[in-house]
Amino acid sequence: MLEVKGIYKTFNPGTVNEKHALNGVDLTMEDGDFITVIGGNGAGKSTLMNAIAGVWPIDEGTILIDGANVTHLSEHKRAAFIGRVFQDPMMGTAATMGIEENLALAKRRGKRRTLMPGIKRAEREEYRELLKTLGLGLENRLTSKVGLLSGGQRQALTLLMATLIKPKLLLLDEHTAALDPKTAAKVLSATDRIVGKDHLTTLMITHNMRDAIVHGNRLIMMHDGRIILDIRGAEKQKLTVEDLMHEFEKISGEAFASDKALLG
Ligand SMILES: Nc1ncnc2c1ncn2[C@@H]1O[C@H](COP(=O)(O)OP(=O)(O)O)[C@@H](O)[C@H]1O
Ligand SMILES: [Mg+2]
């Protein structure tokens, strides 16, 4: 479903701020793979996602999604088949619009923009059922303005919107990092349910090693713009946080510098 081959990205080349953010990344994802991504601050995790989403051109390498070469495709064009959720709950939803209006917009993603037709009863029922599965009580607030929701409710809604039309790829960049632990757990279990139900090919960045171990079928660790660890299946299930810390220190030669990861 995803083939990333030899990609490089340097920010501010030739200046004092030059940064080799991606140093030859190769990554192949099978249909339905759910990969968790960990690594220290500045490891290149978000940059990898931005490269896949086409936020800016990469310097070298190719990116194929579902067999199609998208390396030179604009971010806008790729958005038709990529779902994304970021850390900031304020992004991804329109605050001044209602919950059902937001969902209706997501439903029309990638379609030609015409005047937005009214929301039909069947559609409203579909949204109500979807919202129910979140367990956040949103199914009774279809016309509430999204700006009135909590951060966790907004992230859960963003997740529904990103997956309402089945994306070829779902990219989650620390989408629960800004939430309190209880809400984060709810959004993560909603993530598992949605990804599992539609067999979505998913990349999920998390700073929480335990979450990285528990979720998904494969785990990669990044460091200095490279993938330094790729563990899957039964081997992944046996992993402990201590194993990961140890691997990181062994491969990178540095202590894993993230308090959040330790606390998680
Ligand atoms: N748009 C940008 N312009 C300049 N530097 C950037 C940009 N995006 C990321 N970087 C730099 O690239 C490196 C990797 O960043 P990032 O991928 O965001 O790390 P993380 O693994 O924490 O998500 C960092 O040194 C960061 O400062
Ligand atoms: Mg990041």
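In which helix does Arg-78 lie? Arg-78 belongs to helix α2, residues 75–78; helices are DSSP runs (H or I, at least four residues) numbered from the N terminus.

This is a predicted model, in which local features need pLDDT of at least 70 and side-chain atom pairs count only at pLDDT 80 or more, while totals for chains, interfaces and linings use all residues. Residues are numbered from 1 along each chain as its sequence is written, and side-chain values use heavy atoms, with hydrogens and water left out.

Arg-78 is buried but has no salt bridge. Buried means under 20% relative accessible area with a 1.4 Å probe, protein chains only, and a salt bridge is a side-chain nitrogen of Lys or Arg within 4 Å of a carboxyl oxygen of Asp or Glu. The nearest side chain of opposite charge, Glu-75, is 8.6 Å away. Beyond four places in sequence, Arg-78 is in contact with residues including Ala-51, Ile-52, Ala-53 and Gly-54; contact means heavy atoms within 4.5 Å.

Helix α1 (residues 45–53) has eight of its nine residues buried, so it is largely enclosed by the rest of the structure. Among the buried residues are Lys-45, Asn-50 and Ala-53. Just after α1, Gly-54 has a positive phi of about 80°.

Helices α5 and α6 have axes that come within 9 Å and cross at roughly 10°. They are therefore roughly parallel to each other, a term for angles under 35 degrees. Axes are lines fitted to C-alpha atoms over the stretch in contact, with angles from 0 to 180 degrees between N-to-C directions.

| Helix | Residues | Contact residues |
|---|---|---|
| α5 | 151–163 | Gly-152, Ala-156, Leu-159, Leu-160, Thr-163 |
| α6 | 181–198 | Thr-183, Val-187, Ala-190, Thr-191, Ile-194, Asp-198 |

Conventions. Chains are lettered from A and ligands numbered from 1 in the order in which they are written. Helices (H or I, at least four residues) and strands (E, at least two) are DSSP runs, numbered from the N terminus. Buried means under 20% relative accessible area, exposed over 50%, partly exposed in between (1.4 Å probe, protein chains only). Lys and Arg count as positive and Asp and Glu as negative; His and the chain ends are not counted. Angles under 35 degrees count as roughly parallel, over 145 as roughly antiparallel, 65 to 115 as roughly perpendicular and the rest as oblique.
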